[in-house]
Amino acid sequence: MPTTIIRDATPLDLPALVTLWQALVAHHAGDGDPLWAVAPHAPETYAAFLRQQMGLRRAKVLVAQGPDGVDGYLVGAIGQRAAVWAQREIGMVFDLVVRPEARRGGVATRLLDAVSAFFAARGVTWVQVNYAPANAEAAGFWTARGFRPLLIEAYRAPGESC
Ligand SMILES: CC(C)(COP(=O)(O)OP(=O)(O)OC[C@H]1O[C@@H](n2cnc3c(N)ncnc32)[C@H](O)[C@@H]1OP(=O)(O)O)[C@@H](O)C(=O)NCCC(=O)NCCS
């Protein structure tokens, strides 16, 4: 029996979720790319974003509640692709983080299954995520969960030319 339960987040969870998000950002920033630098107000801005998502009918903020606190969380929402595409509505996963001590126990899979069920209950069966290809954990997880890349997001730094 898993001792971790999946539940809806509440505003009381915000400090724990922001702490997990900061660990994710630090993980990304470890590769030295300046595009991962965050603004000074980022924690408050991210908390406001999560609070807003908690109030939207098309969004879900889920917490994996372990015996010792929050093991992980996922935030996602139903979004729309441009009107030119036949497949317009997509379930989007914005962020997914599991604390290091709780990894490889199926927590992220359960969070993803729960948000996928939320999307499916609204008739949305495609699910999308953005992840950094250099993030081996994310690449391993999303690939194992059946996601395949469609686009590459590319940036040119100031001063670079073609
Ligand atoms: C990616 C992450 C959310 C996975 O969480 P998790 O709870 O450990 O994932 P699960 O236990 O549900 O893993 C399911 C499967 O995904 C794959 N997987 C998970 N972590 C992996 C890793 N580090 N390397 C390779 N494959 C991995 C495996 O196939 C795994 O099944 P297995 O353990 O039976 O081999 C977690 O490692 C994490 O929070 N990483 C830092 C934040 C991050 O990168 N988030 C994603 C940003 S989009």
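Predicted model: local features only at pLDDT ≥ 70, side-chain atom pairs only at ≥ 80, totals over all residues.
Local features need pLDDT of at least 70 and side-chain atom pairs count only at pLDDT 80 or more, whereas totals for chains, interfaces and linings use all residues. Residues are numbered from 1 along each chain as its sequence is written.

The ligand has 21 residues around it, of which Arg103, Ala108, Thr109, Gly140 and Ala144 come nearest; a residue is near a molecule if its C-beta atom, placed from the backbone, lies within 6 Å of it. Helix H1 (14-29), strand S4 (89-98), helix H3 (107-121) and helix H4 (136-144) each supply at least two residues of this shell, and the largest share, six residues, comes from H4. Helices (H or I, at least four residues) and strands (E, at least two) are DSSP runs, numbered from the N terminus.

In H4, Ala138, Phe141 and Trp142 are buried, that is, 20 or more other C-beta atoms lie within 10 Å of their own, against 12 or fewer for an exposed residue, with C-beta atoms placed from the backbone. Seen down the axis of H4, these buried residues fall within an arc of 90° (taken from the directions from the helix axis to the C-beta atoms), so they line one face of the helix. On the other side of H4, Ala136, Gly140, Thr143 and Ala144 are exposed. Just after H4, Gly146 takes a positive phi of about 95°.

In H3, the buried residues are Val107, Ala108, Arg110, Leu111, Leu112, Val115 and Phe119. H3 is followed by Gly123, whose phi is positive, near 80°.
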